[in-house]
Amino acid sequence: EGASVFLTKAVYNRRRFAKFGIVSNMMLLYAGIAAIVCVFCIKALEIYSFAAVALILGFVLYFRNMGNPIAEETKMNWLFLVPENPFKKVFFAMMAGTYETAMDLLPVFVVVGIVMKESPFVVVAWLIALLTMDFMLSGLGMLLEALLPASAMDVVKSMIQMIFKMLALLAIVISYLVGWLLLGECFAIGINVVINVIGGGILFLLYPSLLHKGVQ
């Protein structure tokens, strides 16, 4: 009911269109890339590195986010017309994208974690890091969509989004490398999660105030 329909729709659509109600094309893509990286690390480099798989899947997730999943909702009128609190509507719409990403990554991470003999704690930490990154990038794309004039060409909008999201990704990568060099992998993942949550939270708070009033 109410704002939660935006999340419920994503859940029902996945059950309806995904193979066996679970397996999507994006999940298969993640699985294929993860398999290639695992084979390369184990056979060519002779190392077991879950971080290598997670980082590469993170870059794939970044390019997938270029499509700005929540833009699919803002293109339609339902997000504007549903008589609910704008913060609730935006929250559930963003959670729909996070749900899709989690469903695509979770089975892949479980299998890769077993193959790479990684600690369940590290696997869960990486999953949270990628989900919060996706949330933050979706919030950035959503806000830029609202701030850019409707008259602007789609190509221009896409370029601007790419530049800002690339800067955000660069900040994430730098913070991760610095954290790893200072105190190790777990600390680096934790720093990334904190940055993603704070950044995504700020972006989330900014957009709903524009949803009904528009940009002044």
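How many helices and how many strands are there in the chain? Ten helices and zero strands. This is a predicted model.

**Whole chain.** Start with everything selected and colour by secondary structure. Reading along the sequence gives α-α-α-α-α-α-α-α-α-α. Now switch to a surface. The chain exposes about 11,800 Å², and carbon and sulfur atoms supply 75% of that area. Of the 216 residues, 43% count as buried. Next, display contacts. Among those in the chain with a separation of 6 or more, 78% join residues 24 or more positions apart.

**Helices α6 and α7.** Select residues 86-115 for α6 and residues 120-147 for α7. Hide the rest. The two helices pack with their axes 9 Å apart, at an angle of about 150 degrees. Angles over 145 degrees count as roughly antiparallel, so α6 is roughly antiparallel to α7. The crossing of α6 past α7 is right-handed.

**The contact, side by side.** Show side chains on α6 first. Pick Val90, Met94, Met95, Gly97, Thr98, Thr101, Ala102, Leu105, Leu106, Phe109 and Gly113. These make the α6 side of the contact with α7. Then move to α7. Its side consists of Val123, Trp126, Leu127, Leu130, Leu131, Asp134, Phe135, Ser138, Gly139 and Met142.

Keep both sets selected. How do the residues of the α6 contact with α7 divide into nonpolar, polar and charged? There are 14 nonpolar, six polar and one charged. For the charged one, centre on Asp134 of α7.

Methods. Residues are numbered from 1 along each chain as its sequence is written. This is a predicted model: local features need pLDDT of at least 70, side-chain atom pairs count only at pLDDT 80 or more; totals for chains, interfaces and linings use all residues. Side-chain values use heavy atoms; hydrogens and water are left out. Axes are lines fitted to C-alpha atoms, for helices over the stretch in contact, and angles run from 0 to 180 degrees between N-to-C directions. Helices (H or I, at least four residues) and strands (E, at least two) are DSSP runs, numbered from the N terminus. Angles under 35 degrees count as roughly parallel, over 145 as roughly antiparallel, 65 to 115 as roughly perpendicular and the rest as oblique. A crossing is left-handed if the near helix is turned anticlockwise from the far one by less than a right angle, and right-handed if clockwise. Contact means heavy atoms within 4.5 Å. Buried means under 20% relative accessible area, exposed over 50%, partly exposed in between (1.4 Å probe, protein chains only). Accessible areas come from the Shrake-Rupley method with a 1.4 Å probe; for residues, only the protein chains shown count as cover.
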